[in-house]
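Please read the following with the model open beside the text, since the paragraphs move from helix contacts to sheets and then to individual residues.

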Amino acid sequence: MAEFEQVNTAFLAWLATNGATVSKSIALQDYSGEGAGRGVVAVADISKDEELFSIPRPLLLSPETSELAKKLDLTTLEGWNPLMICMIYEYGRGATSHWKSYFDILPMEFSTPMFWSAEELKELAGTGVIDKIGREEAESIFKEKLWPLISAHPELFPTEHQDKEAGFLNVFHRMGSLIMAYAFHDTLPDKDEDEDMDEDDEDDEEEEKVNVSMVPMADMLNHKTGHNNARLFHEKDCLRMVAIKPIKNGQQIYNTYGELCNADLLRKYGFVDVPNPNNIAEISGESVVAKCTSEDEDGKDEKVEWLLEQDGLEDFFILEAGGEIPEELIGCAKILMMPIDEFKTTVIEGKKLPSTKLTVEVQKVLRELLEAKMAEYPSSAKDDKALLKQANGSIPARTRYAVVVRSGEREIVQSVLDQIKKWRPPPPPAAASSGKQRGNGKGQPANKGKKPYQKK
């Protein structure tokens, strides 16, 4: 605890020395007992719209502020890579880095699946986490984009590690995990008016020029679904964290990481929320194609290409709580199951899309698809329910996280599967009556003894 307080004190002093202001109504607190690490707590009652802290822009760690941008041309790098290499550089400088006190307060060990063992990852089989961890892809980017720059400039990136590439790869993974969990999308101050941007607002990111930055102090706030009580405002000269509702003395102060399902919370941040109303389950587009077509089916590639061009085939189809069968999944299945001649004449030439209403044929395929999805999970709902009833600490935290993720997903898949099983085709419409019905005077219908559509 003494070391925890020493790091806090040094960090807050560094902020104050460099022009940041921090309200006396808040403090850093250890929430590791709750599986949340360091967080921010109210030490006095806080009013709505009260400023919690203000961080001058020069304190942000980004390619705009790091000294490395003056020493290397970073304009050839894309995405997170400019910030990544700046963080590797600044971290390697140790005590000489302007952000030394900031690095000291950031975690260097992570619970995200990027760092799980092969055995631990087996617990996540079938979930929306496994296909998105991306360790191999990340390492490929490091070797192709960053390592050539690093290895060409040993004066900027010294190391005592015997295997230099392996040593920097480890640092790369740690810095990447920090960016994943802590970085903000910051609107660049190239306009006069104040602007604000939520952390994961991808639509705004595409419309405006944004900079991925590390924001000291702002990243100390934890997230809890449904408990957001503070918001970061991006202004011309600083970034301000402001209370968006009254906060009582002793309450934790939460920023929002977005409306994320547990699979994304675990993959990005290394924790889960219970309950989490934002949970979803995913069906891969690849599995839909495989189920709705045969391997060597005539016209398969043509239909897939058309669906991709029309955004009708997703990487993942989303299933939401409530059991509703996604119309886009039904429509995609119908196109894939359509004979190629019908596809060409009806869809390509006639420009007529099939309805998104369920049919008996699509019902059968979707039922098999979701039953196969249920079989991917490494346990049953009964087993997982029993595991979650165990006292905290009786099972490893990572196992518990995996159980929470797969239980939430399985529940959603099962609800959609139940709806598919219950569906019945609507009855055919009743035949229209034409004029007055004539009887035989004894209450019997005039067409008695004749079958429908029977010739006279």
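Helix α3 (residues 81–92) and helix α6 (residues 135–152) pack at an angle of about 50°, their axes lying 11 Å apart, where an axis is a line fitted to C-alpha atoms, for helices over the stretch in contact, and angles run from 0 to 180 degrees between N-to-C directions. That angle makes α3 oblique to α6, given that angles under 35 degrees count as roughly parallel, over 145 as roughly antiparallel, 65 to 115 as roughly perpendicular and the rest as oblique. The crossing of α3 and α6 is right-handed; by convention, a crossing is left-handed if the near helix is turned anticlockwise from the far one by less than a right angle, and right-handed if clockwise. On the α3 side the contact is made by Asn81, Met84, Ile85 and Ile88, and on the α6 side by Ile141, Lys145, Leu146, Leu149 and Ile150, contact meaning heavy atoms within 4.5 Å. Sorted by class, the contact of α3 with α6 has seven nonpolar residues, one polar and one charged, with Ala, Val, Leu, Ile, Met, Phe, Trp, Tyr, Cys and Pro counted as nonpolar, Asp, Glu, Lys and Arg as charged, and the others, Gly among them, as polar.

The model is predicted, and local features need pLDDT of at least 70, while side-chain atom pairs count only at pLDDT 80 or more and totals for chains, interfaces and linings use all residues. Residues are numbered from 1 along each chain as its sequence is written, and side-chain values use heavy atoms, with hydrogens and water left out. The protein has 16 helices and 11 strands, helices (H or I, at least four residues) and strands (E, at least two) being DSSP runs numbered from the N terminus. Of the 456 residues in the protein, 45% are buried, where buried means under 20% relative accessible area, exposed over 50% and partly exposed in between (1.4 Å probe, protein chains only). Among contacts between residues at least 6 apart in sequence, 73% join residues at least 24 apart.

Helix α9 (residues 262–269) is mostly covered, with eight of its eight residues buried. The buried residues include the charged Asp264, Arg267 and Lys268, and the buried residues of α9 pack against α7 (164–182) and α16 (397–422). Gly270, with a positive phi near 85°, follows α9.

Turning to the sheets, strands of a sheet pair through backbone hydrogen bonds, either parallel or antiparallel. An open sheet of four strands has the order β1-β4-β8-β7 with antiparallel pairing, where two strands pair if DSSP finds at least two bridges between them. Because β1 (21–22) and β7 (230–234) stand at the edges, each with a single partner strand, one side of each is left without a neighbour in the sheet. Strands β4 (residues 51–56) and β8 (residues 238–243) run antiparallel and are joined by five bridges, with Arg240 in β8 as the bridge partner of Ser54.

Five bridges pair β2 with β3 (residues 38–42) in the antiparallel sense, and the bridge partner of Asp30 in β3 is Arg38. Asn8, which is placed in α1 (residues 2–17), is buried with a relative accessible area of 3%, and Asn8 touches Leu28, Arg38 and Ile105, not counting residues up to four places away in sequence.

Finally, strand β10 (residues 280–284) is joined to β11 by five bridges, the two running antiparallel, and Ile280 stands opposite Glu320 in β11. Strand β11 (residues 316–320) has a covered face, Phe317 and Leu319, and an uncovered one, Phe316, Ile318 and Glu320.
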